[in-house]
Structure formats: structure tokens, C-alpha cells
Amino acid sequence: MIQFINTLLIGITAGSIYSLMAIAIVLVWRSTRVINFAQAGMALLSTYFGYEAMVHLNSFWIALPVAMAGGAAVAAFIELVFMRFLLKRSAHGAISGVAPIIATLGLLGVIRALTSSIWGGQDVRIVGPVSNVGYSIGANTLAFSPLKLLILVTVIVLVLLLSLLFQKSSIGLSLRASAFSPEIARLSGIRVDAVRTLGWSLAGASGAVAGMFQTVNGNGSFSPDSIEFSLLLVSGFIAAVIGGLDSLIGAVIGGLVLGLVISFVLMYISSSLFFIAPFVILLIVLFLRPQGIIGAKAARRA
Amino acid sequence: MHRLKSSNNLIYFFVFGFILFLASNRVDELRVYQGASIAVFVIAIASIILLTGYSGQVSLGHGALLAIGAYSAAVARNEFNVPVVVCFFIAVLSSALGGVLLGAAAARLTGPYLAGVTLALAIGLPSLANQFPILGGEQGLIFDVGFPPLSLGEEFTQYKWFFWISSLAALISMWLLSNILGSRYGRNWRAGRSNEVAAQLAGINTGRSKILAFTISAGVAGLAGALLSMTIGTVSPSAFPLALSFSLLTGAVLSGVTTLSGVMIGAVTLVAIPEIADVIANRIGASERITTNLPGLMVSTLLIITVLFVPHGPVEQHRSRKAKKLVQKKN
Amino acid sequence: MSLEVSQLTIHHGAICAVNDVSFTVKQGELVAVIGSNGAGKTTLLRTLSGLNKATRGSATWKGHNLLHSKPELIVRHGVSHVSEGKAVIPELTVNENLELGAIWRKNKKESVASKSEITSIFPRLGERLNQRADTLSGGERQMLAIGRALMSKPEILLLDEPSLGLAPLVVEQIFQTIRDLTTSMGLTVVLVEQNAMGALKIADSGVVLNLGKVAVSGSATSLIADPQVRAAYLGY
């Protein structure tokens, strides 16, 4: 029983981090209709910003916003100087559908190589603000620590803030209108280009939080070659697809589903299925519900 | 017209291959080894071009298909002592089988979804090696094709043997591929790529056509995988990292995904980049960190530049420029 | 103080969609631009609102150059465009679609005021404020599209085929509303229509486009009386 509860708790915490990554993918997809495979790379870079802030200021609560701001800035920069140009150039031609995907992969490679040459391939450490030792109930220790609680609460707060922004503010209305119909948005006087940059920045910030939490939730260390990083790379995408790619709530649900499935597979089946489990879930979802758990009817095919 | 062109290119390819054969007698071992790598990359890149350029599907996970081929060849060799030539056929068949499954999934998906599925596969599949003891876990398996036959002479080195085998395989697969692309199937793929609905209306079963493309591409990739592990000598998860899939895709984009004829460009570039990076790093006296990351940086930067400025590859770019000039002359 | 289009030429790739078109719309006037499929009506309208690029010529509204500007800036000069095919965002609610129209205005109070104005013009929208736009009927969507455009308090409204795919009774209703808007609010309207008769009936004047060129133009009554126009576009 205690094992079951622990598996559940581990899955939910990990899943909440994947949710953030999925939200980042969804935000970019909604604003530019591009799957940003470089999102994990951007999260990695932001985590290094956070790490630098930790080294110099020694406070996680300063490092987190620093990472977020850094992630937002990097994302805005990429959208402004790179994606606009790319989408204009690759709008037509035989590989127009594939070009943005390949380009974001190229970006991923560049960011990875750059971070690795600046900070080296070795692990660097970020210490969480509170203890990661599990609470105990009687003789049992739960796989749920103050740190995990903190992560969960922060993610919930961020998601709530984000959905408030989207549903209740006029910036949110601009973001949604630009996502659904750029032309009508422009005719309504919305500066769609600026809104796209904003969407990317929000994604960058969200990915930064995912990167920071993924690091402290694991063993506290990370590097461009660590498993944490590869996991962010696939989990964000898979969780976003499970959730239907267009929906923030879907992204959260997708992240949780993914976190729970991985956690249970690891505990009850085999730990070497760590990376193959997400793939299998993805295939199952795409076959059973190609529009995602929460998805518009718009098919994936066209 | 198209057919004529591809057979012309094939002749160039043969001539080029022959020069390489001759050259292999004159250069040092490292170059011979690189030659073998180029041949392997030619095959792997051709399999991606077939998929992406001709049938409009994207695969970020070709590394996984290479791994299937490599592992099945090694298992066949080690467990059942199958002759080497047959091992290569087994590699092709088992990867092709993987391709059928992946293709069945792919026929329902496009663009970003397919990219994501193949990406997840590339990350996930190699880790399966730890699940089944027969695959040898992290250490992997030995894949030994044996010494070159004595009839080739005493001075015929192991690397030269690798080079011969992989070059022969490359020539055969290029010949087969350009024939397939010139056939009805190739036309169906191109039709489906340009406009899926129109192709369906013209009576092409685009779903089946996509699965076929995936199957053939996977089979070719499996051959490349077996050859790759032959040159390395072992098969292990670390031989098929995500970076391999990305490199192959880069090679395909550099070659120009819409035509097979540029395939050498990508293959040579991929093999040359580490060496060029080394020279640059030495010249500028870069630190070790930068030296180790320079090849990756160069590959990715090249990928981005190519997508931005020569999205259809150098060969197609050259052709369309020539065509434009011709039009201008006529006017 | 008017919309001045002169010698406007627009290309779609190699095809010349609008060729040397000139006309003037005076303030407070309702002008119908009619013509068959492919005459260049929609292209003309999209260029006036900044969605398409012109090759040559000029177009100004109250002295503001409409070419070489972006749609999101042109709307700030009081030019509001309702594009073809019930231009609403189906994923948003009626209320949100309306708010969208005034989103660039900083003054919130003003936009609330204009929302009640619009629901008084189209009472059915007022009843459905919290429904998603994709639950509306075709006619209601067209009303919503016009309502959204009106939210920004435009001085000139560019309407692209508001009658498209609607039942005759609904078309009549919408045309009547357009006429009322012009008369009572002093709005200037450029109405692009294939339904030539319906459009000319409510218009002050008309421009007939044929293969990208102005075939005839003049007052609406003179166009209805013109035997050639009658034969080609009015069907009798």
C-alpha cells in the first residue's frame, strides 16, 4: 500500500514538471504553429542561468525568477531574429512542412553545444530551497518531501496564474485570438507579431521553471548530457500531444498522465523501460484518440 | 526525363566509387576508415532522403532503425553463427519489419506528430537493450565480420575490408533506390507529398504508399546500421544516440532532401566535420570544452543555415538556377 | 474627407487581380462593389485593409495612406474590415469576439458602452453573449462579425460578401441593418457583393468590376437602369 501511494506521489510530482514543459510546447504551438523541439534546450540554458544566480546570490528564490526571465528573453530572441525569418522563407516548397521541425532541431543542437562549451559537460548542482527528505508516517517514509510539496504548489500557482491571464485579461484574449485566427486578430487591431513573441516568452519562462524543478527534484545535478535533459525533451512533447497540443488544461493533464504512467511502469514493471514507456503511451494515445485527451476535432492528419 | 537523370547520376556515382577504390590502395588507414564511414552514411542518408524528400514524411528516429538492423545482425552472427552476408540481409529485413510498424503509425500522422513519435522512438528504443539480456545491456554485443579473405593478399587490411564491403553495399542500395524512385512507387510518393488529397483522388492509396516508403527506408537504414556496427566492431546503445539521428537528418538536409543525387555531399560533410573542427580548434587554440563541442555546433549551425538558405539542397538549387537562366535566355 | 482609390493595381503572383482601378467613396456614402466570381472584389477590399500588397496606385482614407501599412495599424485610422465568410473566431464566446473588436482601444469604459450599442443593433447577440461563436447560426455569425467590426467605432466599414451562404430572409435583414448604419450613424460603407441586386438596392452608388477592371460605375439607380448591367449581373 505504502509503495502504491509513493509511486502515485512520485508520479504526480514528476508529472507536474512535465506539465510545465508541455505548457511551453503548447504556448509556442498556439502562437506560431511550430513544435519547438528546442524547448528542452532553452530550458537547459535557463537552468544554467538559474545555476549562475545560485552561485552568486545563493538563493533559490532569486535563481528561479532569474531563470524564468532568462528563459523568456532567450525565447523572445529566438522568435524575433530566427523564427520570423524562417517561417517567411519556408512558407512554400517541397519541405515547407518539415523545415520548421528541422530548424528547431538545429537550434537544439546549437544551444546544447553552446551550453556544453560554456559550462562544461560535467554536472553542476542546484540545491533546492527546502529539504527533499520524505515526510514520515509512523514507521514509513513517504516519497513526498517538503521540496516535492513546494514544487507541486508552485506549479499549481503558475498554472492558475497562466489560465487567469489567458481567460480574464485582454492580453490573454489577444493571445487566444492570434492563435485561432491571426487574420481576424490583425483586423481587430492586434499586433500579432508582438503577441507571438509574447507567447514564446511565456513558453520560455515556463520551460525554465520545468528545468529548475526537474533538476532539484532529481539528484540536484544536471548537465547537457544528463537523463533529466533527454526526459524534458520527450516528456514535454508527449504530454502536449496527449493533451491535444492546443489546450493548456490538456497539457497539464497530459503531463500528469505521463508522470504517473512512467512512475508506475518503473515501480511495477521494469526500470529499464524508463524511456520506452513514454513512447508507448504516445502511440496508444495517437491511435485511440488522435485529437488528444482534450482536443479539438481538428485532425492530426492535415 | 527524371529516370534518365538518375541513371546519369548513377554513372557518376560508379565512377566516383571506382576512384575511391583505387584511392583506397594509396591512402593511409584513417582515410580508408573514413571512406567506409562515408559509404555507411551514404546509405543511411539515402534512406532519410527517400522518406523525407520523396514521401514528405519526417523521421527524427532513424538512429533507432539503424539500431534494429545492427542488433539483429549481431544477434544472428553471435547466437546462430549465420554467415556475414546473410546477417546483412537479416538486418535489412528486421529493420524493414520495424518500418512497417512505424509506417502504419506514420500513415495516420503528419508533420510534428510524426516527428515527435520518431523522436520518442529514437530516445526510447536503444534503452531496450538493457531489458533483454540477449542484447548485452550497456556493454552491447560484438559484431565481427571476420578477417578479409586471404585471396585478397596479405596487405589487405581490416579497414580496407570494411571499406570494400560498405562501398559495395552503398552502390547496390543506391542503384536499387534510384530504380525504385523512378518507378511507379516513386511517382506515387512524390504525388502524395505534393498534394495528398489530389493523389488520393487520382487513385493512389496514400496510406499504403507511405507505409511502403517507411518500410523501404527502414530496410535501407537497417543495412546502414549493420555496416556501422561492423566498422565499430560492437553494437551498444551508446552507438545510437539521439545525436546520430540528428546527424543523419543534417546529412540529408545538406544533401538536399528532394533528390538522391546530392547524397555524397552530406555523407562527406558528416565525416569531415569532426576533422575540420579539430583543425579549427587547434588553429584558434580553443579550450578542451570548446574542442569537444565544436563538431556538434558546426553540424547544427550547418543544419540551420541550410534550412534557411538552401532548403532544397545544393543540387536542386543549382538545377533551378540553371533552369532560370535558360528561361531568361529564351526570353 | 473620403476614400480615394486611384489607379490601383494588385497582382497575385503572376496574375493581375485588380487592374488600374479608380473610384471615390464620399463620407457617409454606401458604395456597392459588384461583379462575378474572380472579378477582384475581395482582393481589392483586402488590399484596402492591408491584408494584401498592392503593385501600383494609391488608396487613401482621410489622407491616410492605406497601402504599405499593416492591418493592425489601418484599423486605428477608423477602417474596419469584415472579411469573407462570417469572420468570427468560433473558439471564442460572442462576448469575447465583440471585445476583440475594441481590444486596441485603451479606454475600457468606451468599449463597454459600444458593446451595449451593438447588442441594441443586434439583440440576438445580446441574448447569446456567453455562448461560443460556433454555436451560432450563419446569420448570427455574420451579425457578430459586423458587430465586432463596429466595436472599434469605425468611420468606414469594409464588408466582404455579408450575404454569402445565408437564407434570403436573413440577407434582407442584414442588408437593412447595413443601410440603417449608414443613414443613422453616418458610417461610410464599401460593400462587396455577388448579390448585385440586393446590394444596389441599398447602395447610394456602385462600382462594377469585371476581370479586375472597372466596367461601369455610377449611382445605384443608374446602374440598376443600365441594360448591360441588368443583363450581366441582375439577371433580367
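This is a predicted model: local features need pLDDT of at least 70, side-chain atom pairs count only at pLDDT 80 or more; totals for chains, interfaces and linings use all residues.
Residues are numbered from 1 along each chain as its sequence is written, with chains lettered from A and ligands numbered from 1 in the order in which they are written.

A contact requires C-beta atoms, placed from the backbone, within 7 Å. At this interface, 44 residues of chain A meet 44 residues of chain B. On chain A, at least two residues each come from α3 (60–89), α4 (99–119), α9 (227–242) and α11 (276–288). Helices (H or I, at least four residues) and strands (E, at least two) are DSSP runs, numbered from the N terminus. The top contributor is α4(A), with 14 residues. The side of chain A that touches chain B comprises 29 nonpolar, eleven polar and four charged residues. Here Ala, Val, Leu, Ile, Met, Phe, Trp, Tyr, Cys and Pro count as nonpolar, Asp, Glu, Lys and Arg as charged, and the others, Gly among them, as polar.

Chains B and C make no contact; their closest C-alpha atoms are 15 Å apart.

In chain A, the unreviewed UniProt entry annotates "transmembrane region" at residues 6–27, 60–82, 94–114, 149–166, 231–262 and 268–288. These positions are given in the numbering used here, feature names are shortened, and annotations may be inferred rather than shown by experiment. Residues 60–82 of chain A are 100% helix and 0% strand, with end C-alpha atoms 32 Å apart. Residues 149–166 of chain A are also 100% helix and 0% strand, and their end C-alpha atoms lie 26 Å apart.

Helix α6 (residues 170–180) of chain A has buried residues A:Leu173, A:Ser174, A:Leu175, A:Arg176, A:Ala177, A:Ser178 and A:Ala179. Burial means 20 or more other C-beta atoms within 10 Å of a residue's own, with C-beta atoms placed from the backbone. The buried residues of α6(A) pack against α1 (2–32), α5 (146–168), α7 (182–187) and α8 (192–217) of chain A, together with α3 (94–101) of chain C.

Chain B has 13 helices and two strands. Of its 331 residues, 53% are buried. Among contacts in chain B between residues at least 6 apart in sequence, 79% join residues at least 24 apart.

The largest nonpolar core holds 281 residues; the members with the most contacts inside it are A:Met21, B:Val42, B:Ile43, B:Ile45, B:Ala46, B:Ala70 and C:Leu191. Such a core is a set of buried Ala, Val, Leu, Ile, Met, Phe, Trp, Tyr and Cys residues joined through C-beta atoms within 7 Å. Helix α2 (residues 29–55) of chain B supplies the largest share of this core, 16 residues. Leaving out residues up to four places away in sequence, B:Ala46 touches B:Ser173, B:Met174, B:Leu177, B:Val220, B:Leu260 and B:Val263.

Chain C contains an open antiparallel sheet of four strands, ordered β2-β1-β4-β5. Strands pair if DSSP finds at least two bridges between them. Its edge strands, β2 (15–26) and β5 (64–65), each pair on one side only. Five bridges connect the antiparallel strands β1 (residues 2–12) and β4 (residues 56–61) of chain C. C:Glu4 stands opposite C:Thr60 in β4(C). Helix α1 (residues 41–48) of chain C lies across β1, β2 and β4, at about 65° to β2(C). Axes are lines fitted to C-alpha atoms, for helices over the stretch in contact, and angles run from 0 to 180 degrees between N-to-C directions.

An open sheet of six strands in chain C has the order β6-β7-β8-β3-β9-β10 and mixed pairing. At its edges, β6 (79–82) and β10 (213–219) have a single partner strand each, so one side of each is left without a neighbour in the sheet. The twist averages 15° from one strand to the next. Four bridges link the parallel strands β3 (residues 30–34) and β9 (residues 205–210) of chain C. C:Ile34 stands opposite C:Val208 in β9(C).

Methods:
A residue is buried if 20 or more other C-beta atoms lie within 10 Å of its own, exposed if 12 or fewer, and partly exposed in between; C-beta atoms are placed from the backbone. Two residues are in contact if their C-beta atoms, placed from the backbone, lie within 7 Å.
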